[in-house]
Structure formats: C-alpha cells, structure tokens
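Visitor: I have a protein model open and I want to learn how to read it. Can you take me through some features, one by one?

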Amino acid sequence: MDILGLFLTNIIFLTAHPTDNFGIHLFASLNRDNFQIISIFAKNIAIMITSITFNPNDPGRPNGNFFALPYGKGEGEIEIISVPWDVTTSYRAGTSGGPKAILDASVQVDLFDSVLENAWEIKISNTELNLHRLNAENRILAEKIIKHLENGGNAADREIVYLRNQVNQSSEIVNMAVYSAAKSIMDSGRIAAVLGGEHSAPFGLIKAVSEKYPGTGILHIDAHADLRRAYEGFTYSHASIMYNVIKELEGISKLVQLAVRDFCEEEERFIRSSEKISTFFDSDIKNGQYEGETWKSQCQQIISHLPGNVYISFDIDGLCPHLCPGTGTPVPGGLEFEQAMYLIRQIVFSGRKIVGFDLSEVSPSLSGDWDANVGARILFKLCCYTKMSN
Ligand SMILES: [Mn+2]
C-alpha cells in the first residue's frame with residue numbers, strides 16, 4: 001500500500017470510528033518496512049489535530065512560531081525564511097534582530113482581516129537561517145572598512161581590499177543559502193517569503209522567483225532607490241539590491257518603485273536610462289495629492305506598470321518614520337500603514353498574483369517593540385493578501 005493510500009485509509013477509518021483506538025488499526029496495517037509511513041502519518045495527524053484545536057480567538061501563546069500558529073518548519077503554505085543579516089548596513093546595525101523581534105511581537109497580532117475570510121486559517125511557518133556567527137564576524141570586518149572610508153582612507157588599500165573580499169564572499173554565501181531554501185519551498189508547491197535583516201537579504205529569493213516565474217515585476221516600497229552600484233565597495237549591499245536584481249536577474253521584467261525620497265544622482269540617471277524601472281517618487285505622489293489626485297487613482301497608475309505576477313519587496317523605511325523609528329536609515333515622508341495596505345489589496349483585486357515577498361530593515365534596537373509590532377502586522381497582511389491572490 002502506498003503512503004497516500006495508507007494515509008487515506010486511516011483518515012477514512014478515523015472518520016468512521018472516531019471513538020475507536022485507531023492506533024491498533026494503524027499498526028495492524030504496517031510491517032517493519034513502514035516506519036517512514038508511520039512518521040509521515042503521525043506528522044499529518046499532528047497537523048490535523050493542532051489545526052482542529054487551534055482557536056483564533058484565544059490570546060496567542062508563544063510557541064516559537066509566527067503568530068503562535070501551530071505549523072512547524074516545512075508545514076506552511078507560506079514559509080518565511082528568516083535572515084538575520086545586517087553586515088553592510090551603513091548608518092546603524094540592528095536589523096539582524098528583526099526576525100526574532102517580529103516573531104515575538106507577532107504573538108499579539110489578532111488573526112483577522114476585513115477582506116480575507118478566516119484569515120486565521122493561513123498556514124504560515126518559519127525557516128530560520130543560522131547566520132548569527134557569520135553575521136557577527138563579518139559585521140566587525142565591515143565596520144573596519146566603513147570607518148576607514150569615513151576617515152578619508154583609500155578604498156584600494158591592501159588590507160581594505162582583502163576585508164572587502166571577505167565580506168563579499170560571505171554575502172554570496174547568504175544569497176546561496178536563501179536561494180536554495182526558497183527553491184526547495186517553491187519546488188514543493190508552496191510560497192516563499194524572506195524576513196530580513198537588511199535589504200540585501202531577499203536577493204536569493206528574488207532569483208528563485210525570477211527563475212520559476214519569468215516576467216515577474218517587483219513592487220518595491222522603500223525610502224531609497226537601492227540602485228547604487230556596490231555601495232561602499234560591498235557588491236551585495238543593502239543599498240544595491242535593486243541594481244543587482246536589474247543587472248543579474250533576466251527573469252525580472254519590471255521594477256516599480258514607490259515612496260522613494262533619498263537617492264543620489266547616479267541612481268536617478270540609472271532610473272531614467274532603464275526602461276524596466278518606473279519610480280514613483282514620494283514628492284510626486286504627495287504633490288499629486290495636494291493638487292487633488294486620489295490615492296485610488298494613483299494606485300491604479302502604479303499598478304498599471306506591473307505585469308500579472310508580482311513580487312513585493314517591502315523595506316519598512318518606505319513607511320513614515322513614526323512607524324519605524326529604529327530602522328537603519330529612516331527618512332522623513334513616506335507612506336502610512338493603511339495607505340500601503342490599500343495599494344497591495346488593489347493589486348490583488350486587479351487579478352494579479354503575488355508570487356513572493358520580503359519584509360526588510362525592521363530593527364528592534366531603539367524603541368522597544370514598536371518597530372517589530374508594526375513589522376508583525378505588515379507581515380501578517382502580506383501573508384493574507386498573498387494567499388488571496390493565489
Ligand atoms: Mn531598501
């Protein structure tokens with residue numbers, strides 16, 4: 001009897017004889033070659049029982065999972081890859097603590113959404129990449145380089161070149177780790193997301209998405225354009241992610257940027273020279289609103305630049321700084337929480353499909369749990385709207 005057949009037989013038996021000891025029936029149908037079947041069966045039963053006993057109206061009890069949901073690693077329809085990495089952060093570090101802070105804060109989030117019925121039924125699980133040591137070691141190297149440059153040192157100095165190569169190699173290791181985690185999640189028919197960490201963290205996920213869904217467009221919410229070429233010499237810098245995406249990932253057809261308000265001349269030139277990039281600067285959005293344009297009509301304009309498959313790259317500093325005071329590089333201006341959620345819902349209502357997302361640059365460092373509190377709510381909404389669109 002194959003695994004599926006055995007599983008179904010037992011489910012049917014369990015349904016028909018809910019008070020019987022189905023374990024006896026199970027063991028009667030197994031021989032000693034079937035231990036793998038037992039473990040798969042037990043796991044599926046465990047998921048079934050925890051799903052049945054889970055009450056979304058109870059206060060969340062911390063259990064090591066996002067939103068205190070009962071799904072372990074590998075069990076979610078959406079699997080969040082936690083990437084505690086903040087090596088190239090230029091202004092202040094701390095985003096490597098983002099995944100843990102958001103996980104802690106997520107227990108308090110009420111699992112309700114006004115447009116997604118039974119939002120609490122979403123199966124969300126977590127894969128955490130064990131990068132703490134690699135991050136700590138490389139952060140020390142990166143700080144040496146950044147200090148050297150800030151003090152007017154030469155970027156071509158031998159020691160600096162050596163250290164920079166080390167950091168760049170480690171960034172590639174992180175990219176590979178995220179890529180292979182994302183690929184295995186997507187190969188099993190589930191949706192992968194990345195929770196940073198700094199904004200370089202999702203590169204491997206975007207690569208996996210671009211291969212599985214060629215032609216995907218990115219909605220990029222950020223205070224920064226992230227189009228710098230090897231910022232401070234770091235090839236995979238947080239400030240370079242979209243440059244690398246455009247240069248390296250052919251499967252990405254479009255980059256639609258929103259809330260951008262801090263950028264350099266080189267980036268502005270890059271935006272103008274690339275047909276793939278449409279940037280809705282924060283000042284243009286606000287000017288339009290001061291002169292009577294509605295957010296609804298602006299959203300329609302933004303969405304019209306996106307193809308059918310959409311990846312959302314959400315840097316929390318795209319929001320107003322009062323929603324993310326601890327983030328690495330806060331900038332005045334930006335979107336309100338509901339404004340961003342309205343846009344993402346409109347993307348779903350337009351019939352487009354969200355094929356993956358990341359949430360980056362949430363840092364718990366300065367203001368207690370407020371940043372993580374906002375981050376956890378964005379994460380839940382991103383999961384809801386992704387599920388709705390699939
Ligand atoms: Mn960014």
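Visitor: Which residues of α4 meet residues in α13?
Guide: Remember that this model is predicted. On the α4 side, the contact involves Gly-98, Ala-101, Ile-102, Asp-104, Ala-105 and Ser-106. Facing them in α13 are Ala-372, Asn-373, Gly-375, Ala-376 and Leu-379. By class, that contact has six nonpolar, four polar and one charged residue.

Visitor: At what angle do α4 and α13 pack?
Guide: The angle is about 80 degrees, and the axes are 8 Å apart. Angles from 65 to 115 degrees count as roughly perpendicular. The two helices, α4 and α13, are therefore roughly perpendicular to each other.

Visitor: Is α4 largely enclosed or left open by the rest of the structure?
Guide: Count its buried residues. Helix α4 covers residues 98-106, and seven of the nine are buried, so the rest of the structure largely encloses it. The buried ones are Gly-98, Pro-99, Ala-101, Ile-102, Leu-103, Ala-105 and Ser-106.

Visitor: What covers the buried residues of α4?
Guide: The cover includes strands β1 (78-83), β2 (124-128) and β3 (191-196), along with helix α13 (370-389).

Visitor: How do I read a nonpolar core?
Guide: Start with the general idea. In soluble globular proteins, nonpolar side chains tend to be buried together. In this chain, the largest nonpolar core has 100 residues, and Ile-81 and Val-178 touch the most other members. Helix α13 gives the largest share of this core, ten residues.

Visitor: Which residues does Val-178 touch, beyond those up to four places away in sequence?
Guide: Among them are Ile-81, Val-83, Leu-129, Val-194 and Phe-203. Across the chain, take contacts between residues at least 6 apart in sequence: 77% join residues at least 24 apart.

Visitor: Now another helix pair. How do α11 and α12 pack?
Guide: Helix α11 (residues 295-304) and helix α12 (residues 337-349) pack at about 50 degrees, with axes 10 Å apart. These helices are therefore oblique to each other. Their contact has seven nonpolar, two polar and no charged residues. The crossing of α11 past α12 is right-handed.

Visitor: Which residues of α11 take part in the contact with α12?
Guide: They are Trp-295, Cys-299, Ile-302 and Ile-303. Here is the general idea for such spacing. An α-helix has 3.6 residues a turn, so residues three or four places apart point the same way. On the α12 side, the partners are Gln-339, Tyr-342, Leu-343, Gln-346 and Ile-347.

Visitor: Where is Trp-85, and is it buried or exposed?
Guide: Trp-85 sits in the loop between β1 and α4. It has 31 C-beta neighbours inside 10 Å, so it counts as buried. Its contacts include Ser-96, Leu-131, Gly-196 and Gly-197. Leu-131 is 46 residues from Trp-85 along the chain, yet their C-alpha atoms are 6.9 Å apart.

Visitor: What should I look for in the backbone?
Guide: Look for exceptions. Most residues other than glycine have a negative phi, and most peptide bonds are trans. Here, Gly-196 and Gly-197 are joined by a cis peptide bond, with omega about 15 degrees. Gly-197 is in the loop between β3 and α7 (203-212).

Visitor: What is the phi of Glu-232, and of Glu-361?
Guide: Glu-232 has a positive phi of about 55 degrees. For Glu-361, phi is positive too, near 70 degrees. Glu-232 has 18 C-beta neighbours inside 10 Å, so it counts as partly exposed. Glu-361 has 32, so it counts as buried.

Note on methods. Residues are numbered from 1 along each chain as its sequence is written. A residue is buried if 20 or more other C-beta atoms lie within 10 Å of its own, exposed if 12 or fewer, and partly exposed in between; C-beta atoms are placed from the backbone. Helices (H or I, at least four residues) and strands (E, at least two) are DSSP runs, numbered from the N terminus. Two residues are in contact if their C-beta atoms, placed from the backbone, lie within 7 Å. A nonpolar core is a set of buried Ala, Val, Leu, Ile, Met, Phe, Trp, Tyr and Cys residues joined through C-beta atoms within 7 Å. Axes are lines fitted to C-alpha atoms, for helices over the stretch in contact, and angles run from 0 to 180 degrees between N-to-C directions. Angles under 35 degrees count as roughly parallel, over 145 as roughly antiparallel, 65 to 115 as roughly perpendicular and the rest as oblique. A crossing is left-handed if the near helix is turned anticlockwise from the far one by less than a right angle, and right-handed if clockwise. Ala, Val, Leu, Ile, Met, Phe, Trp, Tyr, Cys and Pro count as nonpolar, Asp, Glu, Lys and Arg as charged, and the others, Gly among them, as polar.
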